[in-house]
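Hi everyone, thanks for coming.

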Amino acid sequence: MKKSDMKESRRINSPLGSLGLIVGLRGQGSCPYPRTLGVLAGSGEFIRRLSFSLLLCLLTVSASAAPTLTVGSKRFPESEILGEILTQTANKTGETQAMHRLGLGNTGIVFAALKTGSIDLYPEYVGTISQELLKDKGQPSLDEMNRQLAPMGLAAGVPLGFNDGYGLAMREDEAQKLGIKTLSDLARHPDLKLGLSQEFLKRADGWEGLKAAYGLPFGTPQGFDHGAAYRALAGGQTDVADVYTTDAEIQQYRLRVLDDDGRYFPSYDALLLYRKDLPRRLPKTWAAFQALRGKISAPLMIAMNAEVNISHKSAPAVAADFLAGRVTAGQRATASRTSFWSVLAAPDFWPATWQHLFLVFVSLALSILAGIPLGIWAARSRPAAGPVLSTVGLIQTIPSLALLAFLIPLVNQIGTVPTIIALFLYSLLPIVRNTYTGLTDISPALRESALALGLPAGARLRLIELPLAARAILAGIKTSAVINVGTATIAAFIGAGGYGNRINEGLQTNNNDLLLAGAIPAAALALLVQWAFDLLDRAVVPAGLRAAPPR
Amino acid sequence: MIAVENVSKTYGGQTALAATSLDFAEGKTTVLIGPSGCGKSTLLRIIVGLITPDAGRVALDGQEMTPASAERLRHGIGYVIQDGGLFPHLTAERNVTLLARFLGRPNGEMEGRVKELADLVQLPRESLARFPANLSGGQRQRVGLMRALMLDPKLLLLDEPLGALDPITRYELQTQLKEIFERLGKTVILVTHDMGEAAYFATGEIVLMQSGKIVQRGSLDDLLERPAQPYVSQFIRAQRSPLADVPEVPSA
């Protein structure tokens, strides 16, 4: 696993974690939330808002082609804060209308967005560029990296002034008492208790390499979960833990990061990765970015991370504070308490709901339009059945992030369009398969009765076969819709909005309230959709198919 | 009017029907009889065009049954299968009028015809609004017959129409069907494996089949008195009811 992948996954768990949560919630109970439906169905307001959000989504899509500046960021707080700093800096120049595409899936997705021009720049780390994007095993210089980036129309530059890499940390007071400043100093204290994260212990360039490089006199210590390692260190059960050098906890628990005097850890200096035409296209903005060079020290970055992670401030607010000079290194973050209900009913609730519904139902409509004919074709033509069914089955096995990363360069944009395509593809299987099964399950006697009447093929399909298969087809559509509600939460990874935004942000910032404020509405929506389809079943399935047999 | 000339059908080397030629007396009821798998249903389904024969031809009023002509020719054929073959999502009435509606027949004409047919097959009017699942087996068969007769076809094909009914309903329906056939004067081809039923219905020939071939065709007397092969007598004996000697109770 690449270091930066791990860094991100450690902070947000895994993208599948959020989906799993929704599935788990969805499975519980069958309360159809009638009150919520009442709100949803609330007269013309629903339609008005929906059409507004349709418009909004279309605008968002087309906006990526307009001559503005689009800043990207990955889905963890540090990247989002830096993205906000860049966006606000650009907007202050008056030269451009900058917008921020935040929470983009992973390195692969944000890099694809940059290459396709969906974004103009984003904050990245030297180690990630060399190892992950350029697949360079060594530690190339910035010039060398730029030589390799140039053919892609990209460039890297403007180091911001901090390194977010691996490090070992101790409690400040303990380190002072023992006089430990560097990693080399550790060798003189073989009695220290180590509590390292599992990942750090497993990596070849983690603990074992570090131990050999500095000749450290420790056995292999117990592995902890990252969060638990911090708590153990803070509580005094252990003396040394591995950290990322800009973790908010460093400040929160008053820790000292030991100096890597032997230059063992690779550099993860933060800098800008941008499209090469940017300095020429927006010279004033570029000059303003240049002025950020070296302005963000590690303690400043730690303070800003703490503002988001611990005080639950928004990234735009923290970025504004920084640009106004209101962030100071070492400032104490205080956990803010807001009630869950105010988080749930935050102003982004309805926009997120409409975005979610839009993604689910537009993709579902497309799958119905394509899936039913495909199912009919598979049922009618024996040679077509195998390839059609196995193809839609195969699509289902592609991991969602992989599919998105694949679709972005294909459609040359991020956001709504690739998300809808992905959801469309995932919805196909239940619809195609149920249409196929519904049609092929019709008894030969009925099929022949229709034939013997002298009805042409089209009329047989319309008057006999589709009505007989209606229940199976509708069940397939229902399955697709419910799964879509869950899968649509991935949309947030590529900037298409929906409830996934809250789940993402909640995971990123360790904010359970925010996570649940996204997951619970998504689960409720899934139940609601299921319930709506059960009602629809009564309207669509012919009464005769539900009629009780005599006796 | 119906000519079957040298039609044959094999499935994967297995002969379902050897080359067979047959004609049917107009206005009479011809019965195809034989054990399971003898080819009688295959022959009937070839006539209505559900099975395309490997060789030979079927012509109705001089028009050959081909995939292209099948739809039109079927409008002149009524076809009834075991248990009626009704579409479960349509009411009895909709089942009966399905094709007429598709062909755009006027509503008034259809309504009149449905009433006429309901009276003919003695189906209570209120049953017309029911779905097949809510009808008894006998009623389903009556509705199936109404559907077959809706466009007043010249030819009526019945494939074991009474096979799924209990003995009493079956007995009752046999009586009514025979009356209907006599009253309508249509050309009827009925497939059964029951010799008693065959003897009861046949006003034309009884055609006894075995292993895809016609063994003998003729009147009941011909089959009883002048069997073409020992198999004919064997088949008739095997069909005899153990209660054959019980005197029939005179019906009211």
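Some housekeeping before that. This is a predicted model, so to speak: local features need pLDDT of at least 70, side-chain atom pairs count only at pLDDT 80 or more, and totals for chains, interfaces and linings use all residues. Residues are numbered from 1 along each chain as its sequence is written, while chains are lettered from A and ligands numbered from 1 in the order in which they are written.

Okay, chain A. It has 28 helices and ten strands; here helices (H or I, at least four residues) and strands (E, at least two) are DSSP runs, numbered from the N terminus. Of its 551 residues, 46% are buried. Buried means that 20 or more other C-beta atoms lie within 10 Å of the residue's own, with 12 or fewer called exposed, anything in between partly exposed, and the C-beta atoms placed from the backbone. Now take the contacts in chain A with a separation of 6 or more: 81% of them join residues 24 or more positions apart. A contact is two residues whose C-beta atoms, placed from the backbone, lie within 7 Å.

Let's zoom in on a helix pair. Helix H17 (residues 298-309) and helix H18 (residues 315-323) of chain A pack at about 150°, and their axes are 9 Å apart. Axes are lines fitted to C-alpha atoms, for helices over the stretch in contact, and angles run from 0 to 180 degrees between N-to-C directions. Who makes the contact? On H17(A) you have A:Met304, A:Glu307 and A:Val308, and on H18(A) A:Ala315, A:Val318 and A:Phe322. That comes to five nonpolar residues, no polar and one charged, where Ala, Val, Leu, Ile, Met, Phe, Trp, Tyr, Cys and Pro count as nonpolar, Asp, Glu, Lys and Arg as charged, and the others, Gly among them, as polar.

Chain A also has an open, antiparallel sheet of three strands, in the order S8-S5-S9; strands pair if DSSP finds at least two bridges between them. Strand S8 (241-244) and strand S9 (255-257) of chain A are at the edges with a single partner strand each, so one side of each has no neighbour in the sheet. The twist averages 45° from one strand to the next.

Next, where the chains meet. Chain B gives 21 residues to the contact and chain A gives 23. On the side of chain B, helix H2 (70-74), strand S6 (77-81) and helix H3 (92-102) each give two or more residues, and H3(B) has the largest share, with three. By class, that side has 13 nonpolar, six polar and two charged residues.

Over to chain B's own sheet. It's open, with six strands in the order S6-S7-S8-S3-S9-S10 and mixed pairing. Its twist averages 15° from one strand to the next. Inside it, strand S3 (residues 29-33) and strand S9 (residues 206-210) of chain B pair in the parallel sense over three bridges, and B:Val31 stands opposite B:Ile206.

Last stop: which residues have the most contacts inside the largest nonpolar core? They are A:Ile109 and B:Leu157, in a core of 211 residues. Such a core is a set of buried Ala, Val, Leu, Ile, Met, Phe, Trp, Tyr and Cys residues joined through C-beta atoms within 7 Å. Thanks, that's me done!
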